[in-house]
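Dear colleague,

I am handing over the structure below, and after it you will find notes on what turned up when I went through it. Please read them with the sequence and the model open beside you.

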Amino acid sequence: MDSSQDFKSVQENIQTALVATTRLTNQIAAEDLNFQRTSNPDVAEQLDDTSTRILSLATSLLTSASKNTNLKAPELEDGDDVDVHWTRIVDVVDTLLEKADTCLDEYTGMIKRKAAPTEQPGPPAKKPKSTTLDPFMRNANIIKPQNAFDVKPNNLDTSPWKPILTKKPHSLVPLEKSLVTFQDDNQTTQYKHPYEAEITQLEFPQTVFEKNEPIKYQPVETTSATFVNTFEGVLEMLEELKGATEIAIDTEHHDFRTYTGLLSLMQISTREKDWIVDTLQPWRRKLEVLNEVFADPKIVKVLHGAYMDIVWLQRDCGLYIVGLFDTFEAASALQYPTRSLAYLLKRFIDFDADKKYQLADWRIRPIPEEMFYYARSDTHYLLYVYDMMRNELLEQSTEEPTQNLIRRVLDRSKDTSLRRYETSAYDAEGGMGPFGWFNLLIKHSAGKLSNEQFAVFRALHKWRDETARREDESALYVMGNSTLFDITRRMPPDPKALHSLLDNTSHIAKRDAFNLFNIISKAKAEGANGPSVLEIIRRHNPSTMGIGEVAKSVLPQSARNDTRNDAGVLEVGDLVSNISKLWGNIPISSRWEGPSKAKAGRSLQFELPWAQYLKSSKLSEETEAQLQQPAAQEEESMIPLIEPEAPPVVDEDFTLKAGLRRKASKVESESESGEVDDAPSKPEPDSSAFADAEEIAVPDEEDAKKAKRKAKKAERKARKQALQKQVQETRELAKRAKKEGFPEAAESLQENGDEDQKPFDYSQAKSVLKAARTTKATSQGGRFNPYGMPAEGPKPARKMHGEKPGKSATFRK
């Protein structure tokens, strides 16, 4: 770039070039290139050459933009490669735009430019903190640890999940009586929470309700964390934990190379010490011994956002939390702007947590130093945060139940600790459940798939779930959602085409491509007569349910036959009327319309909204009256909508004159006078609007109409007499001119005088429907202009996108 050019001129040049390129692209896209290619072989050859050159340039640009990045640019050999590698193209372009944005910010001074090295010695610059994980930390290629477990996961078992407890310390109800089943809301058999009675009847220690000075955390630099990967180390840690009054707990989870997930790490901290427990050891079920502390009601367990930690601990290790204090619920009660742990650490500790390691692969052993430090920091400061938030909750709490914030947080924490792990069977037909296809379909392409594509989608989703369960892999590892919908929309015609649509990470799908193609072909054939997406959505979301049915489904007590409860208050079902106050018996939709039992001659009726309310000023009295009111009396307040009989149509003579606007009002008494009044008149009110005089009274309007018609008749008569007088005067002038020797003037006056008296000759009139075009010399001023502003009437039409030479556009749906 020439140094003399400033940034503004370069920006204008680039913008001009981009605008010209975009216009040219839009013009080309508007043309029918397929027609041009078919009709002209030379054009087809030029299009092929141009496409090859553009694809080559695009590949070069992508390759250049992906240098010094972790991205690999795709090679574009034909137009289909753009669709196949679209995600990778978008990633490269996004990276390029981010670099350009950073450079522009440096140029404009929004961020400080990196200083050039100087000769003055100084301390070495710190390495900037990376915001992205290294690839090996995100998805490590390691041997699956679950293959070495003493009890391997069984993903094909859909029976109710039974807690894996063998002992129950600190119990109020014995273990044998705690492991009982019940029916949940979906009428599915499940096991109860084994510590349900202990959590429900829990009384927190008195120190939770006392405001005390926060205990400062130990400096990280002068202390160390203990990594526990042996059962002997677990027992030693357990003895130290028994002497604590509060402990902080956190977990790290992995869910990409397993179907249900793996609890990969557990962090535990006291006021003096930190432990990092390896939960991927083959003897992980022996960690159940920690329930001696975890279930002890005298020890407060502090977790942040324990919603999923509770489930993971009981599923993989048989651990249950009794005496939970969730700092997430505390942040919600205190109405903090955000509820994340990173915000709490910054607020109370001024510590910046590097949350990129949340997405790390926590199966890596040995654990990298930076990941170990992140895991330790999650619990090292948490007890000090607990002290600060507890004091703040106590300060803002009152004796009123609605303002007792500390009690609210403890109750919500109890609800969180009562969560249970449940297995979920795959619903191939309805697609419901956490592993079903229905929510995925609604999120990505509801209503956009044909019947065949919908059948292929369900078959692919079922195959993916079965394969993931069998291989103990996540569904996304077997086949990503983007690949799933790509195959669904394209429906590849052969195994080779299917193989080209599979992503590089879909190793299992590529291995089973031939069998997968047979599944797709079978689903395509069955889908021709199968259900559509819209039918499935309506099946899950019935739109024909009325308000009364909704009230009965949400409030089952409203379905009872009694009209009052013990307090004498009407039930919900009694307050829901079977007849609309506005529409009466008219069905709002044809789906709700039952078989008609009314006679053919019965008039249509509806009740005005205010009709019933005028009868009584009390809603309860009105409701009681309606409950006892028979159907015949309910229709007394209906207003019949009886259409008045239209008067018989009488054919009348009319005269069609060019250049006259259609009159707004009805021509009255034209046949009686024999003349057509050309003068514009104001529109008169239509009397048919007041057909029912009994229902809506109109005060003495008929007399006014008669007087108005009489005045118009008198006006026409006076105009006719004036016209006859004018004609008579014209004839007298013509005679006088003829006597005085002006024959041409006399003839002209004679013609003007006889013109209005001569009847119209239709045989000599010009054709209106097949009128000849006027010559160029004829004035075009009388022609109707839809864009001109008329003296009266509607607004003129608006000119839209005028044609410009050399440009055209094609609009497609």
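**Confidence in the model**

The chain has an average pLDDT of 77, and 68% of its residues score at least 70. Please keep in mind throughout that this is a predicted model. Where pLDDT is low, the predicted coordinates should not be read in detail.

In soluble globular proteins, nonpolar side chains tend to be buried together. In this model the largest nonpolar core has 44 residues, and those with the most contacts inside it are F325, L345, I349, M389 and L393. At least two residues of this core come from each of β7 (300-303), α12 (327-333), α13 (341-348), α15 (382-396) and α16, and it is α15 that gives the most, with eight residues. To see how one of these residues is surrounded, you could look at L393, which touches F325, A330, A333, L334, L405, I406 and V409 when residues up to four places away in sequence are not counted.

A second, separate core has 34 residues, including A459, L484, L502 and I536. Of these, L484 belongs to helix α20 (residues 481-490), where T483, L484, F485, I487 and T488 are buried; α20 is followed by M491, which has a positive phi, near 45°. I536 lies in helix α24 (residues 533-540), in which V533, I536 and I537 are buried. Seen down the axis of α24, the buried residues fall within an arc of 100°, and they therefore line one face of that helix. An α-helix has 3.6 residues a turn, so residues three or four places apart point the same way.

**Aromatic rings and charges**

How many aromatic pairs does a search of the whole structure find? The search gives 19 such pairs, and I describe two of them here. A pair of aromatic rings is described by the distance of the centres and the angle of the planes.

F231 and W283 make an edge-to-face pair, at 6.0 Å centre to centre and with 70° between the planes. This pair links distant parts of the chain, since F231 is in helix α9 (residues 231-241) and W283 is in the loop between β6 (274-278) and α10 (291-294), 52 residues apart. F231 is partly exposed, with a relative accessible area of 22%, whereas W283, with a relative accessible area of 14%, is buried because buried means under 20%.

W437 and F457 have ring centres 6.5 Å apart and planes at 85°, so this pair too is edge-to-face. Because W437 lies in the loop between α16 (405-417) and α17 (438-445) and F457 lies in helix α18 (residues 451-471), the pair ties together parts that are 20 residues apart in sequence. W437 counts as buried, at 0% relative accessibility, and F457 is buried with a relative accessible area of 0%.

Apart from these pairs, Y217, F351, Y373, Y381 and Y384 form one aromatic cluster. In another place, the charged end of R315 sits over the ring of Y421, 5.9 Å from its centre.

**Single residues to look at**

R470, in helix α18, counts as exposed at 52% relative accessibility. Its C-alpha lies 8.7 Å in space from that of N154, although R470 and N154 are 316 residues apart in sequence.

L97, found in helix α5 (residues 86-108), is exposed, with a relative accessible area of 52%. Between the C-alpha atoms of L97 and A65 there is a separation of 9.7 Å, and these two residues are 32 residues apart along the chain.

With best regards

Key:
Residues numbered from 1 in each chain as written. Predicted model: local features only at pLDDT ≥ 70, side-chain atom pairs only at ≥ 80, totals over all residues. Heavy atoms only, no water. Phe/Tyr/Trp six-rings, centres within 6.5 Å; stacked < 30°, edge-to-face > 60°. Helix = DSSP H or I, 4+ residues; strand = E, 2+ residues; numbered from the N terminus. Buried < 20%, exposed > 50% of the residue type's maximum accessible area, 1.4 Å probe, protein only. Lys NZ or Arg CZ within 6 Å of the ring centre and 35° of its normal. Arc of directions from axis to C-beta. Core = buried A, V, L, I, M, F, W, Y, C linked by side-chain atoms within 4.5 Å. Contact = heavy atoms within 4.5 Å. pLDDT = per-residue confidence, 0-100.
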